[in-house]
Amino acid sequence: MTMREFDRDGPRTGGTPVMWAGQEDGPALVVVDPAGAAKHGLPPTWHDLAEHFQVAWCRTPASDRSLEDLEDVLETLAERRVSANLVASGDACPAAIEIANQFADIVSSVLLVDPAGDDHTGTLADTDIEVRVVARSRPGPTDLVEAPLPLGHPEVVEGVVTALASLR
C-alpha cells in the first residue's frame, strides 16, 4: 500500500513531530496536521477537548517519517487498547482514511476538515469507521482564512465536538 507523503518545506517543519496532551488514558484524538501547528503546545481552542481525551497532535511537516510517526501513535494506542478518533485536514485527509483502515480495530471515526479530493463521507467499506466532514472554509469575499481551515480554528473545534457527541 502506498502512502502519500506530506510537504516538508516551510516555517513549521521544526519542533516535535508528535505532541501529546490531555488525559493519560481513555479515548484518544489523533490529529493529522499537514500545516504543522501546535509547535509549542496544543492550540488554546483544543484545551477543553484535552480535558476529556488523550490528544496526539501529529505535525506531519516536522518529520521525515510522518506516516510512520502516525502509525507509531496508533500502534501505541492499540497496545493500550484505547479507542481513537482521527482528525485530519486538507492534503492529510486521504492518508488518514487509509491509515484508519489499517487500524480499524481501534479507530472509531475520521473527522475531516476541508478534505482534498473526493468526498469520502459515510462508513468505510468493511468497517464500522464513520467518516465525516466537520468543517469547511467558505471561499468568498468575507472569508478571512484560506482552505484548509487551521485545525485550531474555533469552527473546526466546534465541528469536532459536535461530531464526537453524535457518535457516542
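Analyst: We start with pairing: two strands pair if DSSP finds at least two bridges between them. The model here is a predicted one. In it, β5 pairs with strand β7 (residues 130–135) in the parallel sense, over 5 bridges. One of the positions is Val110, whose bridge partner in β7 is Val131.

User: Which strand is joined to β5 by 6 bridges?

Analyst: That is strand β4 (residues 84–89), and β4 and β5 run parallel. Ala84 stands opposite Val107 in β5. Between these two strands comes a helix to look at: β4, helix α3 (residues 93–102) and β5 make a β-α-β unit, and the unit is right-handed.

User: Is strand β5 enclosed or open, and why?

Analyst: Burial is judged by relative accessible area, and buried means under 20%. Of the 7 residues of β5 (residues 107–113), 6 are buried, so the rest of the structure largely encloses this strand.

User: How many residues of strand β3 are buried?

Analyst: In β3 (residues 54–59), 6 of 6 are buried. Look at the two faces in turn. Gln54, Ala56 and Cys58 lie on one side, Val55, Trp57 and Arg59 on the other, and all of these are buried, so both faces are covered.

User: Which strands pair with β3, and in which sense, parallel or antiparallel?

Analyst: Strand β1 (residues 18–22) pairs with β3 in the antiparallel sense, over 5 bridges. In that pairing Trp20 stands opposite Ala56. Strand β2 (residues 28–33) runs parallel to β3, and 6 bridges join them. There, Leu29 stands opposite Val55.

User: Now charges. How many salt bridges are there?

Analyst: The test is a side-chain nitrogen of Lys or Arg within 4 Å of a carboxyl oxygen of Asp or Glu. By this rule there is 1 salt bridge. Glu130 forms it with Arg132, and their closest N and O atoms are 3.9 Å apart. Glu130 counts as partly exposed because its relative accessibility is 25%. Arg132 has a relative accessible area of 27%, so it is partly exposed too.

User: What lies around the side chain of Asp114?

Analyst: A polar atom of that side chain lies 2.8 Å from the backbone nitrogen of Ser137. Leaving aside residues up to four places away in sequence, Asp114 touches Gly90, Ala135, Arg136, Ser137, Ala147, Pro148 and Leu149.

User: Where is Arg81, and is it buried or exposed?

Analyst: Arg81 is in the loop between α2 (66–79) and β4. Its relative accessible area is 78%, so Arg81 is exposed. Asp114, by contrast, is buried at 11%.

Key:
Residues numbered from 1 in each chain as written. Predicted model: local features only at pLDDT ≥ 70, side-chain atom pairs only at ≥ 80, totals over all residues. Heavy atoms only, no water. Buried < 20%, exposed > 50% of the residue type's maximum accessible area, 1.4 Å probe, protein only. Helix = DSSP H or I, 4+ residues; strand = E, 2+ residues; numbered from the N terminus. Right-handed = clockwise from strand over helix to strand, strands pointing away. Polar contact = N/O pair within 3.5 Å; in protein donor to acceptor, adjacent residues only side chain to side chain. Contact = heavy atoms within 4.5 Å.
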